[in-house]
Amino acid sequence: MTTPRFEKPIVLPISPEQLERINEHLSELTPEDILRWAVDHLPGLFQTTAFGLTGLVAIDMLSKITREPPPLIFVDTLYHFPETYELVEEVKKKYGVPVRVYKPEGCSDVQEFEERHGKELWKRDEMAYDYYVKVNPPVNVDPFSVHADVRDDERRSSQHAGRTRSWRSERSSPVVGHLKVLTGLD
């Protein structure tokens with residue numbers, strides 16, 4: 001079987017047929033090869049991470065694949081452990097990679113968030129909490145600056161229900177052609 005050829009870089013947006021071809025190709029690759037392919041083919045590549053184990057592994061792999069690893073996107077829920085914030089600084093120093101931090105709109109700390117939404121929103125309304133801290137901040141990313149995104153896809157066990165592992169990448173915006181690349185590290 002011959003290795004399919006793809007444009008370098010791939011011109012976005014991509015068609016559903018091209019996405020299917022990419023997925024078929026990536027499904028046969030190791031996580032390292034998926035990341036190498038993403039670095040070689042995807043313009044405007046970023047990595048979204050919560051600085052968990054799989055995210056750190058992907059950061060390290062990317063640093064070995066390219067001299068300039070993709071910038072990181074960190075969605076700061078404002079409720080991370082202090083050690084997570086320390087780790088963000090350590091990663092910046094060790095890998096020299098820029099980190100874009102996105103927080104809930106209009107909130108720079110827990111106090112501001114709780115003044116706006118009340119204490120322990122995740123207990124009262126988990127969907128609203130997830131929207132305010134995880135969905136809305138990345139929506140405010142300039143869609144023309146982030147075209148492809150490496151995701152470590154580390155989630156709470158309650159968020160895994162019903163997920164399939166049959167795909168590696170997915171087009172998430174038909175307008176911009178944003179492409180998510182999942183490494184299969186989780």
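Which residue forms a salt bridge with Asp76? In this predicted model, in which local features need a pLDDT of at least 70, side-chain atom pairs count only at pLDDT 80 or more, and totals for chains, interfaces and linings use all residues, the partner is Lys103, with the closest N and O atoms 3.9 Å apart. Residues are numbered from 1 along each chain as its sequence is written, and side-chain values use heavy atoms, with hydrogens and water left out. A salt bridge here is a side-chain nitrogen of Lys or Arg within 4 Å of a carboxyl oxygen of Asp or Glu.

The overall layout comes next. The secondary structure of the protein chain comprises seven helices and six strands, taken as DSSP runs numbered from the N terminus (helices H or I, at least four residues; strands E, at least two). Read from the N terminus, the order of elements is α-α-β-α-β-α-β-α-α-α-β-β-β. Of the 186 residues in the protein chain, 42% are buried, where buried means under 20% relative accessible area, exposed over 50%, and partly exposed in between (1.4 Å probe, protein chains only). Among contacts (heavy atoms within 4.5 Å) between residues at least 6 apart in sequence, 68% join residues at least 24 apart. The protein chain exposes about 10,900 Å², and carbon and sulfur atoms supply 53% of this area; accessible areas come from the Shrake-Rupley method with a 1.4 Å probe, and for residues only the protein chains shown count as cover.

The pLDDT, the predictor's confidence in each residue from 0 to 100, averages 77 for the protein chain, and 73% of the residues score at least 70. Confidence is highest in α5, at 96, and lowest in strand β5 (residues 169-171), at a mean of 44. Over residues 143-147 the pLDDT is below 50, and this stretch has 18 contacts in the model beyond near neighbours in sequence. Residues 153-179 also stay under 50, with 73 contacts beyond four places in sequence. Where pLDDT is low, the predicted coordinates should not be read in detail.

Turning to the interior, a nonpolar core is a set of buried Ala, Val, Leu, Ile, Met, Phe, Trp, Tyr and Cys residues joined through side-chain atoms within 4.5 Å. The largest such core has 13 residues, and those with the most contacts inside it are Phe6, Ile10, Ile14, Ile22, Leu26, Trp37 and Leu42. Helices α1 (16-26) and α2 (31-41) each supply at least two residues of this core. A second, separate core of nine residues includes Phe51, Phe74, Val97 and Val99.

Phe51 is found in the loop between β1 (45-48) and α3 and is buried, with a relative accessible area of 5%. Leu78, in the loop between β2 and α4, also has a positive phi, near 75 degrees, and counts as buried at 9% relative accessibility. A cis peptide bond, with omega about -10 degrees, joins Lys8 and Pro9; Pro9 lies in the segment before α1. Most residues other than glycine have a negative phi, and most peptide bonds are trans.

The loop between β2 and α4 also holds Thr77, which counts as buried at 10% relative accessibility. Leaving aside residues up to four places away in sequence, Thr77 touches Tyr129, Val133 and Lys134.

Seven salt bridges are present in the structure. In the pair of Asp76 and Lys103, Asp76 lies in the loop between β2 (72-75) and α4 (82-95) and Lys103 in the loop between β3 (99-102) and α5 (110-117), so the pair ties together parts that are 27 residues apart in sequence. Asp76 is buried, with a relative accessible area of 4%, whereas Lys103 is partly exposed at 32%. Asp60 and Lys64 form another salt bridge, with their closest N and O atoms 2.7 Å apart. Because Asp60 and Lys64 are four residues apart in helix α3 (residues 53-65), about one helical turn separates them. Lys64 is exposed, at 64% relative accessible area, and Asp60 is partly exposed, at 23%. Lys92 and Glu89 meet at 3.2 Å, N to O, and lie three residues apart in helix α4.
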